[in-house]
Amino acid sequence: MDDQTQLLDLTIPQLLRWRVRRSPDKVAMREKDFGVWNCYTWQQYYEFVGKIALGLERIGVAANDKVALIGDNIPEMLFMAVGVQALGAISAGIYQTSLPEEIADLISYMDVSFVFCDDQEQVDKLVEIRDRVPTVRRVIYEDPRGMRGYRQDDWFLPITDLYALGDEAVAENADRFETLIDRGKPDDVCHLCLTSGTTGLSKGSMMTHRNYINMGIQISSVDTLEETDEYVSFLPFAWIGEQMNSFGVAMAAGITINFPEAVETAMDDLAEIGPHFMFGAPRIYETIRSQIWLKIDESYWLNRFLYGKFITVGERAAQYRMAGRPLPPGLGLIAWLGKMMIFRPLINQIGLLRLRRAYTGGAALGPDLFTFYQAIGVNLKQIYGQTEITGIAYMHRDGDVKPDTVGKPLPETECRISEDGEILSRSPSVCQGYYKLPDKSDDLFADGNWLRSGDAGYIDENGHLVVIDRISDVMHNDRGEMFSPQFLENKLKFSPYVKEAVIFGDKRAFVSTLINVDPIVVGKWAEDRGISFTTFMDLSQKKEVADLIYQQIVDFNMNIEKPHFRIHRFAILYKLLDVDDGELTKTGKIRRKFVREKYQDLYDALYDTGIEQKAVKAQFQYQDGQTADVETTIRFYTMEGAA
Amino acid sequence: MNPLTVSNVTLSFGGLKALSEVTLSVEPGLITSIIGPNGAGKTSLLNCISGFYHPGRGDIHYGDRRLTHASPHQVSNLGIARAFQNLELFSGMTVLDNLLMARHQSLKYNVFQAFLFVGKTSRVEAENRRYVEEIIDFMELEPYRKSAVGNLSYGVQKRVEVARALTLGPELLLLDEPMAGMNIEEKEDMVRFIMDIQNERHVTVVLVEHDLGVVMDISNRIFVLDFGKLIGSGTPDEVARNPQVIEAYIGEE
């Protein structure tokens, strides 16, 4: 491990060169294309980066220029990012789901002068906002499909032309790339990483080479990674979690990154690769669990029987494993049987058999889900951090997984709780502030160099950090009793039938909620009972579905810690909360204020106990821009004896 | 690429004239649509072109080759492929197998070679797979590659049907109502695929379609049939102004 610390003095391109010298023929990336996994070795990776860097230099990219990257994860995205960084320029990821207006705002905020897009979908967005982004000099694209009309326009540049320019430059001066790389310093800003934008426009955190490389080293020092380990890249590249892996972990530990064929095939590709570790937002783990449940449900009786028998055994065994205690011999034997007979084949089918560790972060995850994954033999652990600290500051250690905590600080990370109860951290991975926002950057730090998280939390008796909620999100009812809406929402979401829940009750007499039923699970449930439905709206307003949810909330109210947490009234929402409608953030968090304002009518009715139903008009926007008005009746349900 | 010309084609079933004296030409590189009310003879015309029916009178030429009495496989060997209105796929086979199967005509090896599966055979099969994978990529069928066709939604099955026709590497593609029974989103996707087939793969497209909005949007030329007779032709604008066409669709005022 002694050679790990020397990596801290390198930039990302220099680390890439170090990798090439160490193991040039080791596979660095794999991409599925035309049904076949194609490999890139570290040597090839380096050559592509070189071509791109010199090509970019030819078209006028200079040090400190900003180059935006928009698109799905493909090797070219990394070639481009590292190529940009080799020039001393700064890469910036923009979410591929962003709307054109958002992209225009971000481009002007970050002074972007070159943009890289993966395909026509993204290029078309830039065409739409071309007048608003005069700073953008060229748009480089990877997939030429549908781009015929743009070939004559100098604004656009296919990546193949960029490679050709790079080849020319290499032929003229073979040492140029090395010289460029040598100029970099580890504390230079290399990437602008967007914050999640829960409040207003995203801010660009100024990340340095050292931020990423330190993160890679620290993660792999806690959970050892081998060079032969596989990782599947399916998180959005603009998210810190993906950069942390592709810039930091992959280069520091030398693992292989695998790129799925398409976004829709990511789960199938995951099964083919069988990664050794994975990161994901809670949503992904919830989705996988739903799939498992559905598959078990549809399986034949023996499988269902075995699963039902052994899942409880697995859960009991999981409690021991998570606490790092040895299993009693009897339980150990039965748990082993369950593992061999049902759980190993099961997780093999979804590609998680080789998985040593699965990490979840970005939002809180229910204890249920932890126990579930630990029971089927997936070592799921919580991480906690923020964009400004390169993703991770706290992490569960193996054999010390406590579902209600986020674990202990990484090495080199210090933790402190401020007098207001806010979590503060300090580490070499803390960013240099926000781009062009000195005021906000000052606010980011407390007492000099302690990074503020905006989260309320405490450290428990075992040294684990417990996160309560956003300081600004904690609510109080009209008697001044505190509760965390997010905590209650996550509890509610333990029910497989509840996809999303929005909890209200700030300065009110009681807690109430708007519920999104899970279209797949509830759809299947309705089908099994011969309840016919047409659309999601229709399904959500069925009397039987309401009864089902009512029962779920009865259970919730029974098991909840404090009486004032109990839900007194609820309604089932007629549409799914959606990123495109502005109801969720890009990472899937609820934009509470927005939701409340959008559904003000429903909110008012929830707190008017006399109202049992209300007609609502909803406007739908189809993909072609047409809108349609739909009328439906929303019912409100009051829980017996909850208040 | 060759023009397709249909001259004075008449097709009768007993006393019923499905097509009478139809004359039209399809220029290479364009999207040409054939529209008309139900029973106008659109599919019959496609059947004549693809060799399923042989017209009683008149001639069909593709370049200088006469198709009038050609059989379906001869037509297909000339580079004319067809996607059917009622899906002609093996529903129990996977998407991949359906597409590989569609290219069996271009696989040149004998039973003995196939049995050994070495040398030429495995090379030809590898090339075949590569070609099929390109089509899968083009039609964005990656998520369904290994699913049985019968289990897929109707919209996806339609896409597989078009992909099956494309695996033949056609110069001219006959599409029989590719958008029937689809929802708006699936239609939008299909429109984009058809335009990409024309622009990226340089394939001439003959489209039979009921959705007039789509036809008017993407066609370069339109021919209108009614009761087996050609009643109008021209660019979408010209056809939309043609009084006879309006009458056939909306009826007399």
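## A walk through chains A and B

Let's start at one residue: setting aside residues up to four places away in sequence, B:A165 touches B:A81, B:R82, B:A83, B:P170 and B:L173, where touching means that the C-beta atoms, placed from the backbone, lie within 7 Å. This is a predicted model, in which local features need pLDDT of at least 70, side-chain atom pairs count only at pLDDT 80 or more, and totals for chains, interfaces and linings use all residues. Residues are numbered from 1 along each chain as its sequence is written, while chains are lettered from A and ligands numbered from 1 in the order in which they are written.

Back to B:A165, which is found in helix α6 (residues 154–166) of chain B; helices here are DSSP runs of H or I with at least four residues, strands are runs of E with at least two, and both are numbered from the N terminus. Why does B:A165 count as buried? Because it has 25 C-beta neighbours inside 10 Å, and buried means 20 or more other C-beta atoms within 10 Å (exposed is 12 or fewer, partly exposed in between). Its C-alpha atom is separated by 7.8 Å from that of B:A102, 63 residues apart along the chain.

Now for the nonpolar cores, each a set of buried Ala, Val, Leu, Ile, Met, Phe, Trp, Tyr and Cys residues joined through C-beta atoms within 7 Å. The largest has 141 residues, and those with the most contacts inside it include A:V49, A:V67 and A:L69. Helix α3 (residues 42–58) of chain A gives this core its largest share, 9 residues. Apart from it lies another core of 65 residues, B:A102 and B:L225 among them.

Chain A also holds an open sheet of 4 strands, in the order β2-β1-β11-β10 with mixed pairing; strands pair if DSSP finds at least two bridges between them. At the edges, pairing on one side only, are β2 (36–41) and β10 (230–232) of chain A. Strand β1 (residues 27–33) of chain A runs antiparallel to β2(A), joined by 6 bridges, and A:M29 stands opposite A:Y40 in β2(A).

Finally, step back to the whole. Chain A is assigned domain 1 (2–278), domain 2 (281–384), domain 3 (387–471) and domain 4 (475–638), with bounds from an automatic or database domain assignment. Taken over C-alpha atoms, the centres of domain 3 and domain 4 of chain A are separated by 32 Å. As for the two chains, 12 residues of chain A are in contact with 14 residues of chain B.
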